[in-house]
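Good morning, colleagues. Please look at the structure first.

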Amino acid sequence: MRKAIVFLIASFFIPFAGFSQENKSEKIEVRTINPIICKYPSPAKNKKIVDDIEKFQSNLNKEYSDPKETPLRGDNFKNFKKHPFFSINLKYRVTAQFVKNENPKPFDLPTSSGKLKQYQEYGKAYFNLEGKDFILNIYQSLDLMKLEEYKNYLFLPFGDLTNNKETYGGGKYIDLTIPKGNTIIIDFNQSYHPYCAYNAYDYNCPIVPAENKISLEIRAGVMYDDVYHH
């Protein structure tokens, strides 16, 4: 799925670089939502979940090792062996209450190059982690929804208190699909950095919206190596 996203946005990887305020008037917040307190899966289910996370890590390493797919250039590509990852921790795999936006409005998403892309806020995820309640906006690309194989793709950009320390300062991203019910699984163990974190020359960096910044250290997913700082 990530391969198709990169192809569509070509030389400017743009999940998000800034957000219009059109959706501010929506009244989703007036609903009474009880964030779901995370519970650990059963031991039998744990193995399948961990296998999926390890597969995500392996695929990400393969992508960055492939000269046809990697965003790395020069010595950064030659010296690449594998990404550093936080230890897998199922505490950071949350089941969130999902509220779909029944009247999403397209908005222009500016990028650091000045180009615009159209997205819509598909819904909101409500969850509790480490005793704190959080709400994250989840978005849908108007370009991807036109393609049959990616019409169910959703995008979650977020920031947390590891940014500028163990992770990239611009935040991280998670790929999701449209849920069938009123809950959605958000596995921060499968969060990744945008291409611009590794190559600021060929890709534009998105800015995570303020409302999607979490006042907590999310010690899960890909970490950031100092070699890429620029």
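The structure holds 14 aromatic pairs; rings of Phe, Tyr and Trp (its six-membered ring) pair if their centres lie within 6.5 Å, and planes under 30 degrees apart count as stacked, over 60 as edge-to-face and the rest as tilted. One of these pairs joins F127 and F134, a tilted arrangement with 5.7 Å centre to centre and 35° between the planes. This is a predicted model, in which local features need pLDDT of at least 70 and side-chain atom pairs count only at pLDDT 80 or more, while totals for chains, interfaces and linings use all residues. Residues are numbered from 1 along each chain as its sequence is written, and side-chain values use heavy atoms, with hydrogens and water left out.

F127 and F134 are both buried, that is, under 20% relative accessible area, where exposed is over 50% and partly exposed lies in between (1.4 Å probe, protein chains only). Y195 and Y203 pair edge-to-face, at 5.1 Å centre to centre and 80° between the planes. Y195 and Y203 are each buried. Both belong to one aromatic cluster, together with Y64, F80, Y168, Y198, Y224 and Y228.

I turn now to H193. Why does H193 count as buried? Because its relative accessibility is 2%. The H193 side chain makes a polar contact with that of Y198 at 2.9 Å; such a contact is a pair of N or O atoms within 3.5 Å, and within protein one must be able to donate a hydrogen and the other to accept it, with residues adjacent in sequence counting only if both atoms are side-chain atoms. The H193 side chain also reaches the backbone nitrogen of Y168, at 3.2 Å.
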